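Trainee: Before I use any of the terms for this chain, I would like to know what stands behind them. Please show me the structure and let me ask.

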Amino acid sequence: MDFAGAASVNGHSPGDDAFASGGFTKFNSVLTAGLLNPMSPPPPPAAGKARSSPTLFEMMASEPGMIHPRTQMQIPVQGSSARHPLPVLDRQALTLQRISEVLASRSPGSLFNDSASSDMKLILSSKDGAISVSMNVHREILAAHSQFFAEKLSDQWMRQQQRTAAAPIVEIADCDDVEVYVETLRLMYCEDLRRRLMKEDVSRVLGILKVSAAIVFDAGVLSCLEYLEAAPWAEDEEEKVASLLSNLRFDEAATGEVLKRVSMEASNGVVAGNDNEEVLVKLLQVVLEGKDEKARRDMKGLVAKMLRENSSQSDIRKESLYAACDGCLQSLRDHFLLAAESELKDAAQIARQASNLQWLLDILIDRQIAEDFLASWASESEMSDAHPKVPAVHRFEVSRVTARLFVGIGKGQLLASKDARCLLLQTWLVPFYNDFGWMRRASKGLDRHLIEDGLSNTILTLPLPWQQEIMLAWFDRFLNSSEDCPNIQRGFEVWWRRAFWRRNGDHQQPRLLQITAGSAENS
C-alpha cells in the first residue's frame with residue numbers, strides 16, 4: 001500500500017522512532033519488505049472539482065526533499081466493466097459488500113465511522129484504483145494508536161486544516177487490501193482487540209498484522225501476535241506465518257512465542273545436535289514394541305512417510321536404524337528356533353518381528369543403505385535350516401522379508417555384490433518357494449506379479465551357469481505345483497535366449513572386436 005506517496009522523506013521513514021520504542025524494527029524495513037511504495041501517488045481528484053483541503057500526500061509533498069510522484073489515474077468502480085472480466089467484477093462487488101457491512105456494523109457507543117462526531121474523512125484506494133472507500137475517522141484516535149498517524153496528523157497540521165470550512169480529507173492510495181485496512185482501523189476503536197480478532201481466521205489476521213506494522217499500530221501488532229501464538233494453523237498457513245514474521249523483522253522477543261511452535265531453535269535458543277535423532281529413535285522403538293496391532297500398522301505408515309519426506313542424513317544415523325534391525329532380528333531368530341523345537345507358546349512373535357523387519361527394511365531401502373541388511377539376512381543359515389520344522393502358518397511372514405529383498409534387487413534399489421546375491425538365493429530361495437502359497441493366500445494386498453518380477457530379475461543378475469541351475473530347478477517345481485510356486489516364466493525365457501542364442505546361432509552373430517595391448521584387431 002502507498003500512504004499517498006508519503007512514506008519516505010529524505011530517506012527517513014516516518015515510523016523509525018516508534019519502531020524502536022515499541023520493540024519492533026524500523027519503519028524502513030517495512031519499505032524494504034515491499035509494504036509501502038514511496039513512488040505511488042494518491043488518486044487525483046475528480047476533474048473540475050477543487051478539493052477543500054489538502055490530502056496527506058499534498059501536505060507531505062511540500063516538505064523539503066519530498067520525491068515528486070508520477071502521474072496516476074484512478075479507475076472508478078462504476079467504469080471498470082469494460083476493463084475487467086465478469087469474475088473480477090464479482091469479486092470486487094463482494095469485497096465492496098463486505099466493506100460496507102464492516103463500516104455499517106458499529107457497537108453501541110462506538111465512534112467507528114461515526115459521521116456525527118468525526119473530524120476527518122479517510123479515503124482508502126486499492127492498487128488498481130478499482131476500489132475506493134471513504135470513511136469517517138477521528139484524528140485523536142488514529143494519532144493515539146498509530147505512531148505514523150501521530151507524526152503526520154499533528155496539532156499544527158490540524159490547525160491549518162481548521163482554517164477551511166470543510167472537514168480535512170486524507171487519502172491513502174495503493175492499498176494491498178482495502179478490506180483488511182478497514183478492519184485494522186476498526187481495531188483502533190475496540191476496547192478488547194483480542195476478542196475482536198477471535199472472529200477472524202489466520203489469513204485475515206496476517207493481513208491485519210502487516211498493516212498494523214506498516215502504520216506502527218503497536219497494540220494491533222501485539223494482539224495479532226497473541227492470536228497467532230494461541231490459534232491453530234492449517235498446514236499451508238505455517239509457511240505464511242513464518243515468512244511474514246521474517247519479512248517484518250520484529251524483535252525475537254515479539255515473535256519468539258509464535259515461532260516456538262515450528263522452530264526448535266526458537267524453543268531452546270540453541271540447536272541441539274542429536275535431539276532429532278533421539279526423538280526419532282524413540283518413535284521407532286515405540287512402534288516396534290507397541291501392543292495394538294492396528295495402531296502399529298497405522299503408525300508404521302505415518303513414521304515411514306515422515307522419514308521419507310525428510311530423509312536428510314542428519315535426522316537419524318544408519319547405525320541407529322541397524323541397531324533397531326539387529327534387535328528385531330535377534331528376537332525373530334530366538335522365537336523361530338524355539339518354534340522349530342515345537343515350543344509354540346510365543347510363536348506369534350515370529351510374524352510380529354518379521355513384520356517389524358519388513359518395515360525397517362523399507363526405510364533402509366528408501367535411504368539406499370540396505371546392502372548390509374541383505375548380507376546379514378543371507379547369512380541366516382540356522383533359521384533357513386530350521387524352516388521346514390516350523391508350521392507354515394507361523395513362518396510364512398519370514399519369507400516376506402526375502403520377497404522384499406528380491407523386489408529391491410530386481411528394481412535396482414539394492415546394489416549388493418554377486419556373492420551376497422548368490423548367498424541370499426542359496427539360503428532362502430527354497431524356503432521362499434515353500435511359503436509362497438501361504439503368502440499368496442494369507443497376505444492381504446500382496447503384489448504377486450511384483451514379487452515374481454523381482455525374483456526373476458534377481459536370478460538374471462547372476463552368472464549364466466548359476467541362472468541355469470536355478471531356472472531348471474524352478475521349471476521342475478512349477479510343473480508339479482504351479483499354484484504354490486511363483487511364476488517366473490519371463491525370467492526363464494530371458495535365460496533361455498541367453499543360454500541357447502550363441503549355441504544355436506553363433507554363426508549369425510558379428511565377431512567382437514578384441515583389444516590387446518598396443519593394438520586392436522578383429523578376430
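The turns below go through the terms and the values behind them.

Mentor: This is a predicted model, in which local features need pLDDT of at least 70 and side-chain atom pairs count only at pLDDT 80 or more, while totals for chains, interfaces and linings use all residues. Residues are numbered from 1 along each chain as its sequence is written, and side-chain values use heavy atoms, with hydrogens and water left out.

Trainee: How many helices and strands are there in the chain?

Mentor: The chain has 25 helices and five strands. Both are DSSP runs numbered from the N terminus: a helix is H or I with at least four residues, a strand is E with at least two.

Trainee: What share of the residues is buried?

Mentor: Buried residues are 46% of the 523 in the chain. Buried means under 20% relative accessible area, exposed means over 50%, and partly exposed is in between (1.4 Å probe, protein chains only).

Trainee: Why is Asp236 called exposed?

Mentor: Its relative accessibility is 52%, and exposed means over 50%. Asp236 therefore counts as exposed.

Trainee: What makes a group of residues a patch?

Mentor: Each residue must have over 30% relative accessible area and no salt bridge; like charges are joined within 9 Å, and nonpolar side chains (Val, Leu, Ile, Met, Phe, Trp, Tyr) within 5 Å. Asp and Glu count as negative, Lys and Arg as positive, and His and the chain ends are not counted.

Trainee: Which residues make the nonpolar surface patch?

Mentor: Val279, Leu283, Met299, Leu302 and Met306 make a nonpolar patch of about 410 Å². Helices H15 (275-289) and H16 (293-309) each supply at least two of its residues, and H16 has the largest share, with three.

Trainee: What is noted about the charge of Lys300, which is buried?

Mentor: Lys300 is also in helix H16, and has no salt bridge. A salt bridge is a side-chain nitrogen of Lys or Arg within 4 Å of a carboxyl oxygen of Asp or Glu. For Lys300, the nearest side chain of opposite charge is that of Glu293, 6.0 Å away. Leaving aside neighbours within four places in sequence, Lys300 is in contact (heavy atoms within 4.5 Å) with Val287, Ser355, Asn356 and Trp359.

Trainee: How do you know that Glu183 and Arg186 form a salt bridge?

Mentor: The N to O distance between their side chains is 2.9 Å, and the limit is 4 Å. The two residues lie three apart in helix H8 (residues 178-187), about one turn of the helix. Glu183 is buried because its relative accessible area is 6%; Arg186 is buried because its own is 9%.

Trainee: What makes the pair of Glu483 and Arg440 a tie between parts of the chain?

Mentor: Their side chains meet in a salt bridge at 3.6 Å, N to O. Glu483 lies in the loop between helix H24 (464-480) and helix H25 (489-505) and Arg440 in helix H22 (residues 418-442), so the pair ties together parts 43 residues apart in sequence. Glu483 is exposed, because its relative accessible area is 51%, while Arg440 is partly exposed at 26%.

Trainee: Why does the pair of Asp453 and Arg490 count as a salt bridge?

Mentor: The closest N and O atoms are 3.9 Å apart, and the definition asks for within 4 Å. Asp453 lies in helix H23 (residues 448-460) and Arg490 in helix H25, so this pair ties together parts 37 residues apart in sequence. Asp453 is partly exposed at 37% relative accessibility, and Arg490 is partly exposed at 38%.

Trainee: How many salt bridges does the structure hold?

Mentor: It holds 19 salt bridges.

Key
Accessible areas come from the Shrake-Rupley method with a 1.4 Å probe; for residues, only the protein chains shown count as cover.
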